[in-house]
Amino acid sequence: MAMYLIWLRVALVLYGVSSLTVIPDVLTSHDRWRKFVQPVCVSAFYFHLVALVEMMRLTHHWVPASLHEVETSFALLLTITFLAIYWRYRAISFGMFVLPVIFLLLLVPAAHPDHAPVSNQWMHNGWILLHIALLLVAYTLLLFSLLSSLLYLIQERRLKNKQIGGIFSHLPPLDTIDQIAFRTLVIGLPCMTLGLLAGSLIAQESVGAAYFLDPKVLLSIGMWVLYVSMLYVRRHTGLRGKRAVYLSSLVFLMALTVWVANQFSTVHRFAAP
Amino acid sequence: MNLVLIGVNHKSAPLEVRERLAIPAARLEDATLSLLSVPCVREGMILSTCNRVEFLTYQEPAQADLLEFIRNYFAVDTEALRPYLYEYRASEVVRHLFRVASSLDSLVVGEPQILGQVKGSYTVARSIGGVNSTLEPLMQRAFTVARKVRNRTSIGVSSVSIASVAVDLARKIFGSLQGKTVLLMGAGKMGELAARSLMHQGAGKIYLCNRTDERAAELTEKFSSCSHAASQSGASPSPVAQAIPYASLHEVAATADIIVSSTGSEKPIFLRQHAEIYMHRRKQRPMFFIDIAVPRDVDPEIDRVEGIFVYNIDDLQTVAISNLSNRAKEALDAEAIVRDEVERYTRRMHSLDGVPSIVALQESLEEVRQNELRRMASRLSHLSSEQMRAVEQMTRSLVHKLQHAPIQAIKRAAQEGDRETLAVIQSVFDLEHHAKETENVPAAENIQNASPPTAMAAERNNESAFVPAPDATRPAGSGSKSAPKSISEKEDCLP
């Protein structure tokens, strides 16, 4: 058995433990669990990182191309963003939603090695690496922005209904959640823009001008336009609460659709013949 | 444990009584010195806050007349005072002190100031030599218990006054209040208090508005002087206080993050249409209305506007009461912690009571061993040095094994406070006689002759970890004229 599988399984167990222990930390007013969640999560991140590096080293390329590699990389980016937000804003509440997602993402890659062949011609192309890495970061930040909007809604409802103690009493202040939602979107925009541009350059070179009519490409452009619109609306009208959640959800759904559109794309295929 | 505590608090005595015994911070040192000069008082400290005045002493023997001290120092009739005074002894003192430091005996259970006040009194007493080998570990333990209660329960987490609830809510909306703008509408006392609390938390600017401009100017003056004092003491950056005319109220209100309203107006001042305009101008940035007025100044319909949070006096009181009841629940857990800690501390103290018996037993058996070896010396003279070492080792091992069971019995009896069993063991091994004999041996000789048996060494190590050496706690200046007498200098303490 490959070593990376062992490290990944250790990380999986630790993520499972932190997913469970973060629940009482967020839902009750006791913060004694926090002392436990933080070190377990950091340890999980460490094993996860080692496993990913080992996984890439074994396949002799640094581009997360197979489904297992993409899932493992995406999960790692989620962990990094969660820890960064925790250290910057002390907002542990995100963990209640993100840590189980990370756990689920790692379930399949930790179960068995990936045998799906990937075409070798792309694996040493720097543009591909840039394209995938930037878009994964953008999707991660988009997910966090959506989560922030949801948490904003919960906190707003609580304050409106005069529910101060009890469940969710440790949610971050409204203003902090709003800052997280907006900043993740702002940082995500250049990542998404550059990621899509890098993808366009690769497609232009390999397929020619016809790539523009591919459903995946069209949906990606639609997603980018929606993303920029959301940012503009939030920036200029101060959109918050319910409407912000709807808009973030729409962009996120669009992003998922773009992901699914791989099945119908003729230009976005990297499997070995 | 000859610990004695006498005092009054908010439960036992009305304010008129407490204020007669209250000691200002400037006079605390002098009062503690006077307490230490009472015959039989070896160590002592005084805790004086607005809710309690307590005199904690370690006496040897426990016969000090603290009532006499109170009569002399405060020039009060102690007979009239007696119904209001409480007195605790031994483990009751430990329990009371742990509860006071953990804020379980406070007027508002869980309030954080009391621990600082206890530490202040301790620092004063320690600086003049009032806290030594008995009170030092007790006070350190009290601080540890207080921290444990804070960390393991949520007793001090939630706010229980209207002003602090308002600040907490503002924090839940805005996070930090640094740079936030407050508008205080009206001159109600509670509104002023809430605004002042917000200022203390770092609010950057405060607008004051009143129907009469003179009153607004008067308030501005008060807030300016308050903020100036706060900035001088380094509490928080000085916020700007500015009076605004009533005519421009709604213009300014749109720029305020927090509006505190407490006017005597019969009709609401802030209506839904005003709030909608505010939110449009603010680009939906949240606003917090604290409506302390009765009848209400803020139209309840405003609460329906997205991004605006309205809390009236009933809402604030509901939160405060709910927090109080949460504190009461947490107090049960805290009491359990204190109970465990008191038990552990008293057990530890009792086990230290058994130490002299253990020492006497070990010394007695060691003496027997040495005597026997000396007696047999001529008959063992043909043995080689290696064989002599083996004999030495064997006799020592024999003594260790023989003393193990009685030492365990002494420890058990001491921990359980079983004086009868202790007396039986002392009688069986003739320990009292042995102790008297060793008392007659000059100290230096005694130290030279004593071998350090293992069990005793462990006991001593434990003791030294628990009880700091008196010299370590005594400040450099404690030998001065003003310092209290040391134990050897004390007089009139014999029964």
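# A tour of chains A and B

Start in chain A, where helices H5(A) and H6(A) cross in the left-handed sense (left-handed if the near helix is turned anticlockwise from the far one by less than a right angle, right-handed if clockwise). Helices (H or I, at least four residues) and strands (E, at least two) are DSSP runs, numbered from the N terminus. This is a predicted model, in which local features need pLDDT of at least 70, side-chain atom pairs count only at pLDDT 80 or more, and totals for chains, interfaces and linings use all residues. Residues are numbered from 1 along each chain as its sequence is written, while chains are lettered from A and ligands numbered from 1 in the order in which they are written.

**Stop 1: two helices of chain A**

Select residues 126-160 (H5) and 174-206 (H6) of chain A: the two helices pack at about 155 degrees, with axes 7 Å apart. Axes are lines fitted to C-alpha atoms, for helices over the stretch in contact, and angles run from 0 to 180 degrees between N-to-C directions. The angle makes H5(A) roughly antiparallel to H6(A) (under 35 degrees is roughly parallel, over 145 roughly antiparallel, 65 to 115 roughly perpendicular and the rest oblique). Their contact has 24 nonpolar, 9 polar and 2 charged residues. Here Ala, Val, Leu, Ile, Met, Phe, Trp, Tyr, Cys and Pro count as nonpolar, Asp, Glu, Lys and Arg as charged, and the others, Gly among them, as polar.

**Stop 2: where the chains touch**

Show both chains. 21 residues of chain B are in contact with 16 residues of chain A (contact: C-beta atoms, placed from the backbone, within 7 Å). On the chain B side, H8 and H13 (313-353) each give two or more residues, and H13(B) has the largest share, 5 residues.

**Stop 3: the antiparallel sheet of chain B**

Four strands form an open sheet in the order S2-S3-S1-S4, with antiparallel pairing; two strands pair if DSSP finds at least two bridges between them. The edge strands are S2 (41-48) and S4 (86-89). Inside the sheet, S1 (3-9) and S3 (52-59) of chain B are joined by 7 bridges, and Leu5(B) has Leu56(B) as its bridge partner. H5(B) packs on this sheet, touching S1, S3 and S4.

**Stop 4: a helix pair in chain B**

Which residues make the contact? Val94(B), Leu97(B), Phe98(B) and Ala101(B) come from H5(B), and Leu138(B), Ala142(B), Phe143(B), Val145(B) and Ala146(B) from H7(B). By class, 9 are nonpolar, none polar and none charged.

**Stop 5: the parallel sheet of chain B**

Finally, select the open sheet of 6 strands in the order S7-S6-S5-S8-S9-S10 of chain B, where the pairing is parallel. S7 (240-244) and S10 (308-312) of chain B each have a single partner strand, so one side of each is left without a neighbour in the sheet. From one strand to the next, the twist averages 15 degrees. S5 (181-185) and S6 (205-209) of chain B share 5 bridges, and Thr181(B) stands opposite Lys205(B). H8 (162-174) of chain B lies across S8, S9 and S10, at about 165 degrees to S9(B).

Key: Contact = placed C-beta atoms within 7 Å.
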